[in-house]
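Take a look at the chain below.

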Amino acid sequence: MHRPPRDCGFQTSPWMLDVRVKQSVRQGWMVRPVSIETMRQVLSRLGINWKRARRWITRSVVPATKTARNR
């Protein structure tokens, strides 16, 4: 699953565990849906540490000339 969830028809930007479960069933990797905890454990056994998606606050890039003028 190297594509964003939106490319697979989901209305979310980051991959979440419940969406991973649904996509795994769609792909035929699982016969039936499993709990989110089971999916987390499976990924952990495969060496994939799953963490909740974070929202990053980014600051806008200010051109160097404008920054120098403000100092």
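## A nonpolar patch

Val 42, Leu 46 and Ile 48 make a nonpolar surface patch of about 260 Å². This comes from a predicted model.

Take Val 42, one of the patch residues. Val 42 sits in helix H2, which covers residues 36-45. Its relative accessibility is 34%. Val 42 therefore counts as partly exposed, since that class lies between the 20% limit for buried and the 50% limit for exposed.

## A buried phenylalanine

Now turn to Phe 10. Phe 10 lies in the segment before helix H1, and that helix spans residues 17-27. Is Phe 10 buried or exposed? Phe 10 counts as buried because its relative accessibility is 10%, and buried means under 20%.

Which residues does Phe 10 touch, leaving out those up to four places away in sequence? They are Pro 5, Trp 15, Val 19, Lys 22, Gln 23 and Arg 26. Consider Lys 22 from that list. Phe 10 and Lys 22 are 12 residues apart in sequence. In space, their C-alpha atoms are 9.7 Å apart.

## The whole chain

The protein chain has three helices and zero strands. Read from the N terminus, the order of elements is α-α-α.

The chain has 71 residues, and 20% of them count as buried. Its accessible surface comes to about 6500 Å². Carbon and sulfur atoms hold 52% of that surface.

Notes
Residues numbered from 1 in each chain as written. Predicted model: local features only at pLDDT ≥ 70, side-chain atom pairs only at ≥ 80, totals over all residues. Heavy atoms only, no water. Helix = DSSP H or I, 4+ residues; strand = E, 2+ residues; numbered from the N terminus. Buried < 20%, exposed > 50% of the residue type's maximum accessible area, 1.4 Å probe, protein only. Contact = heavy atoms within 4.5 Å. Patch = residues over 30% accessible without salt bridge, like charges linked within 9 Å, V, L, I, M, F, W, Y side chains within 5 Å. Areas by Shrake-Rupley, 256 points an atom, 1.4 Å probe, with all protein chains shown as cover. Salt bridge = Lys/Arg side-chain N within 4 Å of Asp/Glu carboxyl O.
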